[in-house]
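Colleague: I am new to this one. Could you show it to me, and then let me ask how you know what you tell me?

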Amino acid sequence: MFDFSFAASIFPQLAVAAITTVFVTIASFLFALVVGIPLLLLRRSRWQIVSQTTTAVVDFIRCTPILVQLYFLYFAMPEFGVRLSPLATGLLVFSVHYGCYMSEVYRAGLEAVPRGQWDACVALSLPRVETYRSIVLPQMIYPIIPAAGNYFVHLFKETPLLASISVVEMMFVSAEIGADRFRYLEPITLCGLLFLIMSIAAAGLIRTAEFFYGRHWRRAW
Amino acid sequence: MIPQPFIAFSTVSKRFGARVVLKALDLEIPRGQKLAIVGPSGSGKSTLLRILMTLESVEAGSVRVDDQYLWRGGREQTTKATDATTAAIRRRIGMVFQQFNLFPHMTALQNVSAAPIKVLGKSKDEALAQARNLLARVGLSDKVDAYPAFLSGGQQQRVAIARALAMNPEILLLDEVTSALDPELVGEVLNVIRMLAAKGDLTILMVTHQMGFAREFADRVCFIDSGEVVEDAPPARFFDAPTQRRTQDFLRTIISA
Amino acid sequence: MDVLIEARWLVLSGTIVTLRVFVLSFLFAAILALLLGLLRQSKHALVRGAATCWVEFFRGVSTVVQLFWLYFALPFFGISLSAETAAIIGLGLVHGAYGSEVVRGAMQSIGRDQWEAATALGYSRRQTLFGIIMPQALIAMLPPLGNSLVLLLKGTSIASIITVPELTFQSALVVNRTLAVVPIFICVLLIYYSIAIAATWIVRLLERKLGRWRPQTLNIR
């Protein structure tokens with residue numbers, strides 16, 4: 001049934017492809033973290049038209065499949081003269097898609113900071129920038145860690161979608177091996193196990209971060 | 001010439017949505033007065049303090065502090081002061097909240113010294129020294145490096161008072177500062193406030209349910225109900241011989257409770 | 001001209017397949033989620049442990065790899081599934097695991113005091129679970145249900161990778177044949193968005209109708 005020696009022989013190829021997967025995950029997540037910030041600011045804008053348009057766009061992107069968005073940009077961009085590599089296209093789509101999720105996470109984190117903290121800052125005449133920097137931001141981070149971490153793992157597990165626009169990551173390589181040797185069982189199982197192990201490890205790291213952040217000043221949240 | 005009162009609310013009206021909270025309220029407070037404000041919940045007492053602290057807006061009327069108008073208008077409308085004026089007024093006022101609102105990620109010392117450093121531009125050494133001093137005066141010298149989560153309610157509230165005092169306010173607003181405390185912790189906070197009463201030039205507005213304390217500490221007691229000032233008298237007359245029916249009813253429910 | 005008419009037909013048939021996969025995998029996932037959620041509350045540590053392992057496994061796998069495995073690797077064990085069946089089973093397994101967390105959270109949100117009150121009245125454990133806790137928990141599950149439905153809908157688009165002729169698959173086909181990239185994809189995205197809105201609207205309606213006795217009905221999308 002399961003050919004262990006075959007599995008062992010193809011493992012190195014998958015491991016190398018795993019590097020691409022990890023790179024894409026980390027790069028797009030970092031971009032997403034950044035993209036989320038202006039989206040959040042736009043959503044909280046004083047002008048109704050800006051905040052409502054942004055909310056509608058963010059909602060639209062969040063509620064539609066990332067694969068369709070991927071195909072859209074991959075096929076549409078050449079029509080407008082923009083030629084991006086499959087990898088760059090993937091990074092762009094993932095960053096924007098997950099950036100939308102992050103703006104929601106930021107918004108929830110902001111709302112988790114009790115109203116009274118803002119009142120105290122006004123009462124002390126603390127300027128706005130300082131209020132955000134030293135009072136609100138440190139308190140926002142704690143609720144953001146699990147939510148952001150969750151999306152990080154989701155992003156990681158969605159990277160195989162990039163195989164459909166020919167990015168050479170783990171899924172692509174295992175499908176290639178399968179087609180090549182007429183045996184899909186071992187490459188796909190290995191690929192799946194690698195994803196599983198890495199996502200469980202990542203989840204563990206996130207829980208640790210959550211435990212350690214602000215441990216000395218938190219009692220019960 | 002009659003000197004203007006230090007703080008003046010004139011025909012101030014405020015609504016939260018459909019609910020009218022303040023109805024053309026008039027109130028004048030001379031400098032250095034210790035005023036206790038009492039009344040049933042929802043009567044607008046806290047809102048009055050919050051308006052003065054620039055935390056809430058106003059629909060009509062005037063709010064004046066010294067010679068600056070925070071809100072200027074008549075019975076029907078009002079305009080807000082410029083940002084610069086608002087900030088200047090805000091800096092003269094300090095507030096202590098029912099829920100303390102201490103910064104949880106900072107020690108007591110840091111809580112008290114943060115604003116003097118960031119806003120008043122004091123040096124770190126100067127601010128820390130002042131903070132230690134204030135925390136000692138409220139009886140917490142042994143808790144300077146403690147985080148709020150590890151302090152009792154009474155201790156947290158005392159840190160909050162020290163924090164407000166660190167900014168050298170001319171006006172101190174106390175918004176039901178003992179209402180969230182367990183009964184046995186109320187006394188330590190009232191002691192600190194008693195100590196503040198001795199400062200002649202500090203104007204204190206205190207919204208409270210502690211009638212016994214109000215009687216002892218205040219120069220004047222104001223009863224606010226349904227958004228208007230119903231009775232306004234020195235404590236002895238207020239508690240022993242209130243003139244208004246509503247005041248009498250209110251005092252009766254408080255005493256019996 | 002004929003091309004556009006054929007395009008419309010492909011998009012329509014794709015939408016029907018998407019809806020079919022969506023509904024069937026939802027039913028499968030819902031049953032699994034309830035089952036697993038209940039098993040995780042079992043008295044027996046072994047049952048609880050096994051259910052937890054199952055849930056953690058399927059929460060950790062990548063959906064893409066999972067579908068791929070069911071369609072391409074399973075035949076090596078003698079089981080050959082059609083693409084659509086593989087998609088429904090795969091999505092059901094993964095989203096059933098995610099759903100079991102929602103179920104578990106909802107059940108735990110029904111405080112201890114309900115259990116205590118029931119015990120004081122003489123209810124057996126089973127009676128309490130099914131008569132008191134579950135009805136309340138089912139309604140507590142509604143707010144997060146909207147989110148889960150949208151996630152599942154987006155998951156159906158992954159089925160295109162294993163050649164299920166659903167909407168994403170058809171859209172890629174159509175774009176290859178006609179050259180109207182932008183309008184086709186915008187149309188497809190709007191179809192997905194409409195289904196997502198319809199689904200969340202139905203959940204909110206249920207929340208309002210059934211959740212009238214709750215002090216707060218959260219309306220977070």
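Modeller: Gladly. In chain B, 6 strands make an open sheet in the order 7-8-9-3-10-11, with mixed pairing. This is a predicted model, in which local features need pLDDT of at least 70 and side-chain atom pairs count only at pLDDT 80 or more, while totals for chains, interfaces and linings use all residues. Residues are numbered from 1 along each chain as its sequence is written, and chains are lettered from A and ligands numbered from 1 in the order in which they are written.

Colleague: What makes strand 7 and strand 11 of chain B the edge strands?

Modeller: Strand 7 and strand 11 (228-233) of chain B each pair on one side only. Two strands pair if DSSP finds at least two bridges between them. Strands themselves are DSSP runs of E with at least two residues, helices are runs of H or I with at least four residues, and both are numbered from the N terminus. From one strand to the next, the twist averages 20°.

Colleague: How do you know that strand 3 and strand 10 of chain B pair?

Modeller: DSSP has to find at least two bridges, and 4 bridges join strand 3 (residues 34-38) to strand 10 (residues 220-225) of chain B. These two strands run parallel. You can look for B:I37, which stands opposite B:C222 in strand 10 of chain B.

Colleague: Which strands form the antiparallel sheet of chain B, and in what order?

Modeller: That open sheet has 5 strands in the order 2-1-4-5-6, and the pairing is antiparallel. Its edge strands are strand 2 (19-29) and strand 6 (78-80) of chain B. Neighbouring strands are turned by 25° against each other on average, direction ignored. Helix 1 (residues 45-52) of chain B packs on this sheet, touching strand 1 (7-16), strand 2 and strand 4 of chain B. Helix 2 (residues 83-91) of chain B packs on the sheet as well, touching strand 4 and strand 5 of chain B.

Colleague: How many bridges join strand 1 of chain B to strand 2 of chain B?

Modeller: Strand 1 and strand 2 of chain B pair in the antiparallel sense over 7 bridges, with B:E28 in strand 2 as the bridge partner of B:A8. Their hairpin has 2 residues between the strands, and B:G17 takes a positive phi near 65° there. Strand 1 of chain B also pairs with strand 4 of chain B, in the antiparallel sense over 5 bridges; here B:A60 in strand 4 is the bridge partner of B:S13. Strand 4 (residues 60-65) and strand 5 (residues 68-73) of chain B pair over 3 bridges, and B:V63 stands opposite B:W71 in strand 5.

Colleague: Why do the dimensions of chain B agree with a compact globule?

Modeller: For 257 residues, a compact globule would have a radius of gyration near 18 Å, and chain B has 18 Å, so the two agree. The radius is taken over C-alpha atoms, and the globule rule is 2.2 Å times the number of residues to the power 0.38.

Colleague: Why are helix 4 and helix 6 of chain A called roughly antiparallel?

Modeller: The axes of helix 4 (residues 86-112) and helix 6 (residues 128-158) of chain A cross at roughly 160° and come within 8 Å. Angles over 145 degrees count as roughly antiparallel, under 35 as roughly parallel, 65 to 115 as roughly perpendicular and the rest as oblique. Helix 4 and helix 6 of chain A are therefore roughly antiparallel to each other. The angles run from 0 to 180 degrees between N-to-C directions, and the axes are lines fitted to C-alpha atoms, for helices over the stretch in contact.

Colleague: Which chains share the most contacts?

Modeller: Of the 2 pairs of chains in contact, that is chains A and C. Two residues are in contact if their C-beta atoms, placed from the backbone, lie within 7 Å. By that rule, 29 residues of chain A are in contact with 31 residues of chain C. Helix 8 of chain A gives the most to the side of chain A that touches chain C, with 9 residues.

Colleague: And what separates chain B from chain C?

Modeller: No contact joins chain B and chain C, and their closest C-alpha atoms lie 20 Å apart.
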